[in-house]
Structure formats: structure tokens, C-alpha cells
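Take a look at the sequence and the fold below. Then read on for a short tour of some local features.

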Amino acid sequence: MHDMMKAARLHAFGGPDVLIYEDAPRPDPQPGEVRVRVRAAGLNPPDWYLRDGYRALPPEWRPDAAFPLILGTDVSGVVEAVGDGVDRFRAGDAVYAMVRFPENVMTGSGAYAEYVTVPASQLARKPANIDHVHAAAAPMSLLTAWQFLIELGHDEPNPFQPFRHAPVPLEGRTVLINGAGGGVGHLAVQLAKWRGARVIAVASPKNAPLMRELGVDRFIDYRTTAVEEAVRDADLVLDAVGGANMERFLRVIKPGGALFLVNPLGFAGQAAAAARGVHVSSTQVRSNGAQLAEAARLLDDGTLRIVIDSTFPLAEASRAHRRAESGAIQGKIVLTVA
């Protein structure tokens with residue numbers, strides 16, 4: 001009989017109310033893994049896509065998951081036990097991670113729980129100068145921004161294109177970030193500034209004060225200004241939003257520039273991009289403990305700041321998902337674990 005823990009689990013796909021806070025078996029670390037006592041777990045879009053059964057995908061691509069399952073990839077907590085072959089971490093270490101992504105994208109990575117097992121290669125020591133809530137908010141959004149803008153960090157096949165994504169030089173360049181107030185966007189703004197770019201931030205008006213605090217060079221309220229009419233000088237556009245009419249950004253970019261799409265599904269501007277000399281690229285974020293360790297230094301010294309939209313106890317995971325669905329999120333939503 002396994003020891004038990006509390007977790008927010010799914011027994012069926014559906015809306016936020018399918019998240020049930022209940023007893024679940026506590027996982028044991030396998031060779032190469034550690035077991036983390038979770039202190040906080042961050043929410044990300046793949047969480048609610050999986051909760052809903054990825055209904056936006058064609059039926060043949062949807063998950064064939066075994067219930068019950070536990071959502072969540074992003075955790076911060078304390079190492080409680082280590083499996084065979086792990087020598088970089090020991091019990092008592094404060095750590096953070098993005099757990100088994102994308103390999104468990106269709107089954108859940110187990111973060112909405114009191115305990116989760118994590119491959120040691122995906123783990124990094126938590127930045128000492130931020131708390132577990134802020135650390136848990138970071139991994140997926142930070143790794144997405146990092147792998148798009150700074151370093152890809154792996155040679156795995158790209159599900160979105162036949163070529164490997166490659167970041168472009170940022171120093172002295174003009175970078176426009178669409179969705180600058182969101183989880184990926186607010187970190188992309190800071191990484192671009194860190195690398196010496198001139199940053200144009202596109203977001204809702206409530207994000208204007210935050211963008212000023214983060215040092216953007218220009219702020220565009222997308223509700224009152226059509227970005228494709230207002231900008232002509234971008235070397236790079238990072239679109240962290242996706243959806244309809246991503247092609248409009250091609251008009252914003254200089255010949256020889258680049259358009260990076262965090263969610264490229266539905267983009268239909270490849271021919272127009274080629275005609276304008278604009279390089280279009282995307283990639284899928286992957287777990288990477290070494291990159292989190294590198295980024296931890298920037299979180300520690302204040303170069304990077306994590307913005308928290310709201311926090312909810314693990315027992316109220318369904319309410320956290322309702323907050324996510326309500327939109328207009330600034331930064332990240334986090335579950336706290338007692």
C-alpha cells in the first residue's frame with residue numbers, strides 16, 4: 001500500500017469543476033528521479049487544454065488518457081527523497097522544475113499534488129531570493145521565452161516545422177512582443193531588455209504601468225491601436241498570443257527580420273513571409289534543468305521578475321481554472337500547497 005497524499009485529480013475531461021481534491025497514491029522516485037514535496041504549482045495553458053480533453057484538436061490527436069490523472073508541470077518545493085543514480089540533489093534542497101514536458105502533455109505531469117517525482121535532469125535549485133510561489137510561476141513561461149529568444153538547448157525534432165528553431169541576435173535590435181502582459185510575454189520583455197534590445201510591448205491598457213516598470217521603450221494598447229498600422233521598424237516580432245490573423249505582423253517587420261510564433265497553429269502567411277524576406281519560426285518548449293539553473297541567477301539578482309496574477313490553495317484548483325478562463329490575466333496563476 002502506497003502512502004497517500006492530497007491532489008487535484010481528473011476522473012473525466014470537462015470544465016473546471018472536474019478537478020477533484022482528494023486522496024491519491026504518493027509517487028516513489030525511480031532511478032534518476034527525485035521526489036519533491038510541492039510548495040506551489042504554476043498554471044499554464046496546457047493544463048486547461050488537457051483538462052478539457054484537447055477538444056480543439058482533431059479527434060485522432062486527442063488524448064487517450066487513463067483516469068484519474070493529475071494536471072500540472074510547474075512546481076517549486078523541497079526534495080524529500082532521491083532515486084538511485086541521483087547525486088546532484090539531496091533531501092532538503094529547495095528546487096523548481098517544469099516536469100516531463102512535452103512527453104506527458106497528454107497524460108498530465110502530476111504537479112497539482114503534495115508530492116511529485118521529477119527527473120533530476122529537469123530540476124534546478126530554486127532561486128534563493130524569491131519564494132516558492134514566484135518560483136513555481138516561472139518554469140514553463142520562462143523556458144518558453146528562453147528557448148525562443150536566448151538558447152533552444154536541445155536537438156529534438158520540431159513538431160511545427162522541418163527545421164530547427166534558432167534565436168536571433170537581440171542587442172541593438174527592435175523587438176516587438178505581442179501579449180507582453182501574459183506569462184510568456186512579460187518574461188520575454190525582460191529577456192529582450194537584458195540582451196540589449198529596444199522593446200515594443202503590445203498588451204491591454206491595464207498592463208501599461210507594469211510595462212513601464214519593466215523598462216519597455218514603447219507601449220501599444222492593442223484595443224485602441226492596430227499594431228500593423230503603428231509599427232514598421234521591427235527586427236523581430238514574438239507573438240505570444242496566437243489566434244486569428246497572425247499574418248498581420250508581417251507588415252511590422254523589416255526585410256530580413258523574423259517572426260517567432262509561440263502558438264503557430266493557423267498561421268497561413270508562409271508565402272507572404274517569403275516574399276517579404278521574413279523568417280518565420282516556432283518551437284515547442286521542453287523541460288531543461290540546466291536552463292532553469294542559468295535563469296535562476298537572473299531571478300536571484302532581480303534581472304528577471306515574475307508577476308503573479310493570483311494564488312489559490314490546491315484544494316481550490318477548480319476556482320484557479322475558472323480564473324484562467326476569465327481572461328485578462330497579468331502574469332501567472334499559482335496554486336499553493338500547505
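This report covers aromatic rings, a helix pair, one methionine and some backbone details. The model is predicted.

**Aromatic rings**

A pair of aromatic rings is described by the distance of the centres and the angle of the planes. The structure holds four aromatic pairs. One of them joins Phe148 and Phe260. Their ring centres are 6.3 Å apart and their planes meet at 50°. Angles under 30 degrees count as stacked and over 60 as edge-to-face, so this pair is tilted. The two residues are 112 places apart in the chain, and the pair links distant parts of it. Phe148 belongs to helix 3 (residues 139-149), while Phe260 belongs to strand 13 (residues 253-261). Phe148 is buried, at 2% relative accessibility. Phe260 is buried too, at 0%.

Tyr115 has arginines over its ring. Arg37 places its charged end 5.3 Å from the ring centre. Arg35 lies over the face of Tyr115, 6.0 Å from the ring centre.

The crossing is right-handed. On the helix 3 side, the contact includes Leu142, Ala145 and Trp146. On the helix 4 side, Val184, Leu187 and Trp194 are among the residues that take part.

**Met98**

Is Met98 buried or exposed? Its relative accessibility is 0%, so Met98 counts as buried. Met98 sits in strand 6 (residues 94-98). Leaving aside residues up to four places away in sequence, Met98 touches Thr73, Pro139, Leu143, Val285 and Leu292, among others. Val118 is 20 residues from Met98 in sequence, and their C-alpha atoms are 8.6 Å apart.

**Backbone details**

Pro68 lies in the loop between helix 1 (45-51) and strand 4 (69-70). Pro102 lies in the loop between strand 6 and strand 7 (115-119).

Tyr54 has phi near 50°. Tyr54 lies in the loop between helix 1 and strand 4. Tyr54 is buried, with a relative accessible area of 11%. Asn245 has a positive phi of about 60°. Its loop runs between strand 12 (234-239) and strand 13. Asn245 is partly exposed, at 44%.

Notes. Residues are numbered from 1 along each chain as its sequence is written. This is a predicted model: local features need pLDDT of at least 70, side-chain atom pairs count only at pLDDT 80 or more; totals for chains, interfaces and linings use all residues. Side-chain values use heavy atoms; hydrogens and water are left out. Rings of Phe, Tyr and Trp (its six-membered ring) pair if their centres lie within 6.5 Å; planes under 30 degrees apart count as stacked, over 60 as edge-to-face and the rest as tilted. Helices (H or I, at least four residues) and strands (E, at least two) are DSSP runs, numbered from the N terminus. Buried means under 20% relative accessible area, exposed over 50%, partly exposed in between (1.4 Å probe, protein chains only). A charge sits over a ring if NZ of Lys or CZ of Arg is within 6 Å of the ring centre and within 35 degrees of the ring normal. Contact means heavy atoms within 4.5 Å. A crossing is left-handed if the near helix is turned anticlockwise from the far one by less than a right angle, and right-handed if clockwise.
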